[in-house]
Amino acid sequence: MMSLEAGLRPVRLRMRLERGLAWGVLGLVLGSGAALLLRLAGFLWPIEGIWVLCGLCLLPFMLLGGWAGFLWPISARKAARRADACGLMARVQTALEWQKRPATEQERPMISLQRQDAQRALETFDLREALPLRPQRSLLLIASGMIALTVGLGFVPNPQHQVLQAKAAFRQEMGKQAALVEEGAGKLEAADPKANQEGRKILGDLARDLRKADSPREALTSLDQAQRRLENLQKNDADALRNALASQGMNDVASALEKGDAKALQSALEGQGSQSLAQSLTQAAQQATSPAAQQALS
């Protein structure tokens, strides 16, 4: 004959299943309420992917409630009380209590008979009939009503729909512009990978920011930042070129380049011998800190 604790195991498992089902239905009610509130909020604010979010409200609430109800432990005393309430007439509780307390020689035969009687009662105990797994209908009706209302609101004209369409069209346009920027970065890489590395990085960051932009303001901010970075890069290249030329005593050439004076640049270059000029430019290219300046001097 099985022990009293072993006989209570099916009862405890059935109680956990029963509670898991009840908590799962309660989670479904809470999730459907959250989905309904989210659907109503969609009429006030533009919420992207609202149907996916509504579905995510339903499933996690229901699963979380069901698993919490099933995994939460049930004590043997509670299972014994529930079994006795289903027709065992306090047999299991009495046997469980006598089992946990010390007994005298005179009490032991009575305790043994009590335990055997409780064990036989548990062996013949019909769990399916005593503990049926039936969800509460009122909660299911409430959840079904809120789900139906949530779905029905999808057929009501929503003023935020045009806002979402405009945002989607804007993102599509920004995606096209980002593709053009990436095409330009690819041309820079094909021209000279080493010299244009920093410029390609700036263009790559710009393409990424354009794809993330949700409004014209964000896109313009990204363009302004990229423009500033390119201007700083050009300034750094110009400074590197001027410093490299100045280190070789070619201040006139550096000044003409800075001013953009072609005649002055020609005069400065003609004032030096060919061999001396080639040597000075080679040394300046070696000392230049910018890849663009090195390429220009070379």
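Predicted model: local features only at pLDDT ≥ 70, side-chain atom pairs only at ≥ 80, totals over all residues.
User: How far apart are the end C-alpha atoms of helix α9, and what should its residues span?
Analyst: The end C-alpha atoms of α9 (residues 197-212) are 23 Å apart; at 1.5 Å a residue its 16 residues should span 22 Å, which agrees. The expected span is 1.5 Å times one less than the number of residues. Helices here are DSSP runs of H or I with at least four residues, strands are runs of E with at least two, and both are numbered from the N terminus.

User: What share of the contacts join residues at least 24 apart?
Analyst: Among contacts between residues at least 6 apart in sequence, the share is 72%. A contact means heavy atoms within 4.5 Å.

User: Next, α2. What is its span?
Analyst: Helix α2 covers residues 50-71, and its 22 residues should span 32 Å at 1.5 Å a residue; the end C-alpha atoms are 32 Å apart, which agrees.

User: Which residues of α2 are buried?
Analyst: Ile50, Cys54, Cys57, Gly65, Gly66 and Gly69 of α2 are buried. They cover an arc of only 135° around the axis, which puts them on the same side of α2. The arc is taken over the directions from the helix axis to the C-beta atoms.

User: What is exposed on the other side of α2?
Analyst: Val52, Leu56, Leu64, Trp67 and Leu71 are exposed there.

User: What covers the buried residues of α2?
Analyst: The cover includes α1 (4-41) and α7 (137-152).

User: At what angle do α1 and α2 pack?
Analyst: About 160°, with the axes of α1 and α2 6 Å apart. Axes are lines fitted to C-alpha atoms, for helices over the stretch in contact, and angles run from 0 to 180 degrees between N-to-C directions. α1 and α2 are therefore roughly antiparallel to each other. Angles over 145 degrees count as roughly antiparallel, under 35 as roughly parallel, 65 to 115 as roughly perpendicular and the rest as oblique.

User: Is the crossing of α1 and α2 left-handed or right-handed?
Analyst: The crossing of α1 past α2 is right-handed. Right-handed means the near helix is turned clockwise from the far one by less than a right angle, and left-handed means anticlockwise.

User: How do α1 and α7 pack?
Analyst: Their angle is about 25°, with the axes of α1 and α7 9 Å apart. α1 and α7 are therefore roughly parallel to each other, and their crossing is left-handed. Residues making the contact include Val25, Leu28 and Val29 of α1 and Leu139, Leu140 and Ile142 of α7.

User: Changing topic, where is Met89?
Analyst: Met89 is in the loop between α3 (76-88) and α4 (91-100). At 67% relative accessibility, Met89 counts as exposed.

User: And where is Arg128?
Analyst: Arg128 is in helix α6 (residues 127-130).

Key: Residues numbered from 1 in each chain as written. Heavy atoms only, no water. Buried < 20%, exposed > 50% of the residue type's maximum accessible area, 1.4 Å probe, protein only.
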